[in-house]
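Hi,

Here is the structure I promised to pass on. Have a look at it first, and then read my notes below.

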Amino acid sequence: MENPNRHELPTRSARKNLKRKLEEDYEEDRKVVTLSPHDNHEDLVRNIRTQVDILDSTFSSIEADRLAAKTAIHVLCELAKNEEIVNLIVDCGAVPPLVTHLQAPPPCTGSKPYEHEVEKGSAFTLGLLAVKPEHQQIIVDAGALPHLVDLLKRHRDGQNSRAVFGVIRRAADAITNLAHENSSIKTRVRLEGGIPLLVELLDFSDLKVQRAAAGALRTLAFKNDENKNQIVECNALPTLILMLRSEDAAIHYEAVGVIGNLVHSSPNIKKVVLLAGALQPVIGLLSSCCSESQREAALLLGQFAANDSDCKVHIVQRGAVQPLIEMLQSPDTQLKEMSAFALGRLAQDTHNQAGIGHSGGIVPLLKLLDSKNGSLQHNAAFALYGLADNEDNVVDFVRFGGIQKLQEGEFIVQPTRDCVAKTLKRLEEKIHGRVLSHLLYLMRISEKFIQRRVAMALAHLCLPDDRKAIFVDNNGLELLLELLESTNMKQQQDVSVALYKLATKASSLSPMDAAPPSPTPQVYLGEQYVNNPTLSDVTFLVEGKRFYAHRICLLASSDAFRAMFDGGYREKDAKDVEIPNIRWDVFELMMRYIYTGSVDVNLDIAQELLRAADQYLLEGLKRLCEYAIAQDISAENVSIMYELSESFNALSLKHACILFILEKFDKLSAMPWCSHLIQRVLPEMRNYFARALSRRTQTELLQ
């Protein structure tokens, strides 16, 4: 999984950070009176143009000119710190004279007044203007790059003053801002010879210069293969790796950023970086006091681990796992995201998966699934997907509530939802053999809440052949049914979902999907003999009307008719049999079923037909009626429907009510009579599951 978070400055407000980076250690004299940025537009324009005019007329070595130029640059610099005024400064023509003052003026005899200070201020101001992308090309087109590159050499004449350090640093910072996310300017810097000079400055005695040079190289390396190659060819890696070990957080932060951008999408450079010994110091940065360095180190380790199984193992062996897991619990969202990213890459190795799980990585990753940050959530989900591939982690997923978290989480983007679905599938495929034995052991000896958590997870994930062993032989069913009586509404809702899942697994089709064949052999005379006097040998009186029938068909249809006509009842020899309690249309439909073996049951007549079918022991017709009635079950009438099923021993309808209660429990739980209904159905629910789960499995049938 490619991570999009490698960048030149890895914060969301990158451009503002560039500005802040320039300002943070500015030490010029601030006693010069400047116009407030809050003054009116005309005054601002007048003041800016005044400073521009001064710069245009003071490019000389005369001390008064140098002082005037320094003062004018300082005024523009202070104004440029306000982003609302930056455009105005550029529009007033400040860029060309600022570029001019990047150079030393023509020499004059004697001392060099304000040597380096004017150039430093000019570089600083141009850097501030370059924070806005639309100004980058304007500054470069004005000829700034060659002069900025020349400023990087100021130390070569043997001067090591504070002013020299400052001008070099400001030149490097300006190059950073000009090249930020601008591929053509990055290339121009290389063509102007800036990269070898910046690499040389990594060994500079002043730490701020080192940091500025590394920052520029970091930007130049980002998504520019030619620049990357030149940085490596200039032998920057040994110094950068030494900088990783610096106690100065600013130094190792920039160094790890450079290496990260060198490695990004460049497998050959990654190999060179690893051979140069970068791995251990990068791992060491995971424990840095600087969260930004930690974040960059985690991201870099994730890149090291990509498509390299040996490196994945080495990273773990060298101690990266524990600090990465600790970072998952940081309040810094980006730090958590990069840690999850690195762990996700490492978790693509089998042994690493077990090690990360054993070190406590599962629980904090599961917690990150609750994040409202889509990228963080996705990285956590991807890491969990890797961990789920190892059998040694499956029990911990179940024990720590991971199954429920994966099932119920609100995932922001579709790739995360897909990843979670694959993780659940991966876990499901592993619940057998020793993993199942371990879970059954927990279900017997653990604390009650763990037992119930295991039972609920297995209800969702177990194989059909293991249902009886889990829920009948090892008491899993009772653990679930106990929760259904809980006073905790969330527990009731969760277990109802688990039981419904188990029920649908126990019968691939709903028990109401089709009526079974009649338990007794049938003789169907056919539709043409329904209420036909031809060969009729018995007549029923229904609502005062005659209904012609045939004993042979009736005797074959049910035990009730066999008892009526073969037993000692008075109907045995009667020519006419009165039916006092069934309406004509109901009786006719019942007889039609007896003669044909099938009938369409409308909902309007289904309950009366059920009563008649129960009275005359017509099990097949009962099932058809139950099926029709079951289609009408709702939250409002399920209690009445259950009573109906009890009245006529309608087992299929009863089971349909049970399944409806489990499936719609979330809605039913708001009904005032819900708890009473649960108490009523619980015994039959227990019987239903016991029968369903005890059916012989397909494997057993084949043996």
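Predicted model: local features only at pLDDT ≥ 70, side-chain atom pairs only at ≥ 80, totals over all residues.

A question to start with: which residues does Ser 122 touch, leaving out those up to four places away in sequence?

The residues Ser 122 touches are Ile 73, Leu 98, Val 99, His 101 and Leu 102. Ser 122 itself sits in helix H6, which covers residues 117-129. Its relative accessible area is 0%, so Ser 122 counts as buried, the cut-off being under 20%.

Now the overall picture. The chain has 703 residues, and 55% of them are buried. Its secondary structure consists of 42 helices and three strands. If you take contacts between residues at least 6 apart in sequence, 72% of those join residues at least 24 apart.

Helix H2 (residues 41-57) packs with helix H3 (residues 63-80) at an angle of about 145°, and their axes are 9 Å apart. The crossing of these two helices is left-handed. From H2, the residues in the contact are Leu 44, Asn 47, Ile 48, Gln 51, Ile 54 and Leu 55. They meet a set in H3 that includes Ala 68, Ala 72, Ile 73, Leu 76 and Leu 79. By type, the contact of H2 with H3 has 11 nonpolar residues, two polar and no charged ones.

Then there are the strands. The three of them form an open sheet in the order E2-E1-E3, with mixed pairing. At the edges are strand E2 (545-549) and strand E3 (576-579), each pairing on one side only. From one strand to the next, the twist averages 30°. As a reminder, strands of a sheet pair through backbone hydrogen bonds, either parallel or antiparallel. Strand E1, residues 538-542, pairs with E3 in the parallel sense, over four bridges. If you want to find one of the bridge partners, go to Val 542 and look across to Ile 579 in E3.

Last, what packs on that sheet? Helix H35 (residues 584-596) does, touching E1, E2 and E3. The direction of H35 makes about 5° with that of E2.

Over to you, and enjoy looking around!

Cheers

Key: Residues numbered from 1 in each chain as written. Heavy atoms only, no water. Pairing = 2+ DSSP bridges. Axes fitted to C-alpha atoms, helices over the stretch in contact; angles between N-to-C directions. Contact = heavy atoms within 4.5 Å. Buried < 20%, exposed > 50% of the residue type's maximum accessible area, 1.4 Å probe, protein only. Left-handed = near helix turned anticlockwise from the far one by under 90°. Nonpolar A, V, L, I, M, F, W, Y, C, P; charged D, E, K, R; others polar.
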